[in-house]
Amino acid sequence: MAVKEGSLSINSENIFPIIKKWLYSDHDIFIRELISNGVDAITKLKQLSSLGEAEIPEGEKFRVDVLVSPEEKTLTFVDNGIGMTYDEVEKYINQIAFSGAQEFLEKYKDKDQAEQIIGHFGLGFYSAFMVSDKVVIETKSYREDAAPVLWTCEGGTTYAMEEGTYNTRGTRITLYLAEDSLEFSNEMRVRDVITKYCAFMPVEIYLTNEDKAREAAKETVVQDKKQEEDDLVGDAPEAKAEEASGEKKEEKKEEKKEEEPLNDIHPLWTRNPSEVTDEEYKDFFQHVFLDFKEPLFWIHLNMDYPFRLKGILYFPRINPNVDPFEGKVKLFNNQVFVADNIKEVIPEFLLTLKGVIDCPDLPLNVSRSALQNDGFVKKISEYITKKVADKLTGMYKTDKEKYESLWEDLSPFVKFGCLKDPKFEEKMHDFMIYKDIEGKFLTLPEYLEAAKEKHENTVYYISDAELQASYIDMFRKEGMDALYMTHNIDNPFISTMEMKNENVKFLRIDADLSANMQDEEVSEEEAKSASEKLLPLMQKASGNDKIKLEIKKLKDEEKPALLLVSEQERRMAEMMKAYSFGGDVSDYAKNAQTLVMNLRSSLVQYLMEHAEDEAALPVAEEIFDLAMLANQPLSAERLTAFISRTGKLLGESILPTA
C-alpha cells in the first residue's frame with residue numbers, strides 16, 4: 001500500500017492554535033481525552049462481542065497502558081480495543097470533529113446495551129496537539145482481513161498514512177512532546193493527572209516508565225547470564241547446579257511485584273447501596289477527599305429514569321472555627337471526571353457537601369469542561385435537592401434522637417439550603433429544630449407556644465453563650481427561654497425567618513428587657529429625676545454621649561446595670577461592617593446602646609446621692625464596664641483602665657485608711 005499524503009478535512013483555518021489555546025481550559029486534560037478514547041475503543045469491542053460481531057480470545061484482559069519516556073521525550077497511549085481500519089482512520093481522524101462514538105451509538109441505538117461510550121474520537125484526539133510537535137498512530141482493527149495502519153502528523157494540517165507493521169489488535173498513539181510540555185514525560189506528573197481525571201474509569205489503566213523498564217530488562221538479562229555461568233563453573237555437581245539455578249529463578253519470580261492499575265474500575269457509587277457496608281462508605285470518603293473526620297451520614301443516589309444518575313453525597317463534620325464552609329462535589333460522566341462543583345448540576349447550597357455525582361446523560365460541551373444549556377439539567381438539580389430533603393425529613397420522622405444528635409453539625413448546611421432554595425426551605429420548614437437554654441431541641445412553633453404567656457410572638461436568641469452568660473442566667477432565673485443561634489449563617493437566616501413568619505420578631509437576648517425581670521414599675525416622675533442625675537455621669541463614664549438611659553427596678557439587686565443593644569441598630573452596624581459600606585459604623589454601634597440602671601442596686605443609689613462628687617466617676621465607670629463585660633469584650637485601652645481602677649477601688653474598700 002502506497003503512502004497517502006493529504007490535508008486534514010476541516011472547516012476552520014489554523015485549527016491547532018485554536019485547540020492549543022481555547023478548546024480546553026486545563027492544559028493537562030489531553031491525558032483524560034486520550035485515555036477516554038482507549039476506554040471507548042475497548043467498550044465498543046465488548047459490545048460488538050456481546051452481539052456476536054467480534055471474537056475476543058478467552059481470558060484476555062482489557063487495559064489501557066500509558067508509557068512515559070523522559071529520554072525520548074514521548075508519551076504513549078496503548079489500548080487493546082477495537083482498533084481502526086484504513087478507511088476508519090480516514091473517516092475519524094482525517095476529518096476533524098467527526099465523532100466516531102456518536103456514529104457507533106446511532107448504529108446500535110436499538111440494541112439493549114448497558115455500557116456507554118464515553119470518548120469522542122475526533123476533537124478529543126486532537127487535544128494531543130496541545131502538547132505535541134508530532135503525533136503517530138499505529139492501529140490494527142479487530143477485523144481479520146484488516147491491515148495495520150500507520151498515521152503521522154507533525155502539527156500542521158497535513159498527514160501521512162500508509163500500511164503499518166503494528167500487528168496487535170488495538171491502537172498505539174505516541175506523542176512527541178513539544179519543548180514547553182516536557183513535564184508530561186515525567187512519570188510523577190502523569191501519575192497525578194491520571195489520578196485526577198481517570199481514577200474511576202471502567203477499564204484498568206497502567207503507567208510505565210519505558211526508560212526504567214528497558215534498564216530493568218537489560219539488568220535481568222545480564223543477571224540471568226551471569227547466574228548461568230556461575231552454575232556451570234561451580235563446585236556442585238551438574239544436577240545440583242541445575243536445581244540451585246531453578247530455585248533462584250523461582251525466588252526471582254516471587255519477588256517480582258504484580259503490577260497494579262491506577263484506577264478503581266468498580267467505584268462505590270456504581271454498586272447497589274444494599275451491598276455496601278458503612279465501613280466501605282467511610283473508607284471511600286477518606287480515600288477520595290483525604291478527610292479523616294468521620295462523616296455525619298451519606299446519601300447514595302441511584303436513578304435510571306427519566307435520566308441516569310448515580311452518586312454518593314456526604315455530610316462532612318465541620319469545625320466552623322477551623323474548616324472552611326465549603327465542600328467538593330466531583331462530577332463524573334460515565335466514570336470520567338469532568339469537574340468539581342458544577343453549580344448547574346449541584347444546587348449551590350449542596351456544594352458545601354462532599355461527594356460524587358455520575359450522570360452519563362449530562363449535555364457536556366466537546367471539551368467536557370462545561371455544560372451546554374439543556375432543560376433537564378435543572379431537573380437533575382431538583383432531583384438531588386429532593387433526595388437530600390427526603391433523607392433529612394425521613395431521619396427526623398424515624399430516628400429523631402439521631403437527627404437531634406447531628407443537628408448542630410447539620411444546621412449550617414440546612415439553613416444555607418433554606419436561604420438559597422425556596423423549594424428546599426418549603427420541604428424543611430416543619431423539620432427545623434433549635435436548641436434552647438436547657439439543651440432541649442424545639443421547633444419554632446413549639447418554642448412560640450411555650451413562650452406565649454411571657455413574650456408572645458417574640459423569639460429570644462443567643463449568639464454567643466460565653467459573652468451573654470449573664471443574660472442567660474437572668475432568663476433561666478425568670479423561667480424564660482431562648483434559642484442558641486451561634487453560627488455565622490444565623491444572621492441572614494434570622495432575617496429570612498422573620499419574612500416567612502410576618503408576626504414573629506427575633507431579638508438577641510441582650511436586645512430587650514422583659515417585664516418579667518422587673519420587680520415593679522418605676523413612676524414617670526421617679527424615672528425622670530433619676531435620669532437627670534445619672535445620664536450626664538454615665539455618658540462621661542462610658543465615653544459615649546449618644547448612649548440612652550433607662551431607669552428600672554430589677555428583681556436581681558446584684559446587677560447595678562445592664563447594657564442592651566438595639567436589634568435594629570446592631571443589625572445595621574453588622575451589615576455596614578460586613579459589606580464595607582461608607583459611613584461611620586461606630587455611630588451605629590453607639591446609637592445601639594441603652595444602659596438600664598437598676599434603682600434596687602445600692603451602687604446606683606450611691607451614684608444618685610453623689611452624682612456631682614468627684615468620687616462618683618470611677619464608680620460609674622466601674623458600673624458601665626461591668627455591664628459592658630456581660631455583653632462584649634472591652635477594648636484594650638478600656639480593659640487596662642478597668643483592671644487598674646478595680647484594684648484601686650478594692651484597696652480603698654478593704655484596707656484601713658491612714
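**Chat: burial, cores and rings**

User: Is Thr 458 buried or exposed?

Analyst: Thr 458 counts as buried, because its relative accessibility is 8%. The cut-offs are under 20% relative accessible area for buried, over 50% for exposed and partly exposed in between, with a 1.4 Å probe and protein chains only. This is a predicted model, where local features need pLDDT of at least 70 and side-chain atom pairs count only at pLDDT 80 or more, while totals for chains, interfaces and linings use all residues. Residues are numbered from 1 along each chain as its sequence is written, and side-chain values use heavy atoms, with hydrogens and water left out.

User: OK, and what is Thr 458 in contact with?

Analyst: Leaving aside neighbours within four places in sequence, Thr 458 is in contact (heavy atoms within 4.5 Å) with Tyr 447, Leu 448, Lys 505 and Leu 507. Thr 458 sits in strand 16, residues 458-462. Strands (E, at least two residues) and helices (H or I, at least four) are DSSP runs numbered from the N terminus.

User: Switching to cores. Which residues touch the most other members in the largest one?

Analyst: Ile 384, Leu 595, Met 597 and Leu 607, out of 107 residues in that nonpolar core. Helix 10 (residues 375-398) gives the most to this core, with 9 residues. A core here is a set of buried Ala, Val, Leu, Ile, Met, Phe, Trp, Tyr and Cys residues joined through side-chain atoms within 4.5 Å. There's also a second, separate core of 65 residues, including Leu 75 and Cys 198.

User: What does Leu 595 touch?

Analyst: Not counting residues up to four places away in sequence, the list for Leu 595 includes Met 538, Ile 547, Leu 563 and Phe 624.

User: Now rings. How many aromatic pairs are there in the whole structure?

Analyst: The search finds 24. Rings of Phe, Tyr and Trp (its six-membered ring) pair if their centres lie within 6.5 Å; planes under 30 degrees apart are stacked, over 60 edge-to-face and the rest tilted. Trp 151 and Tyr 159 count as stacked because their centres are 6.4 Å apart and their planes at 20°. Both Trp 151 and Tyr 159 are buried.

User: And why is the pair of Tyr 197 and Phe 337 called tilted?

Analyst: Because their planes are at 45°, with centres 5.8 Å apart. Tyr 197 is in helix 6 (residues 187-198) and Phe 337 in strand 12 (residues 336-340), so the pair ties together parts 140 residues apart in sequence. Tyr 197 is buried at 1% relative accessible area, and Phe 337 is buried at 4%.
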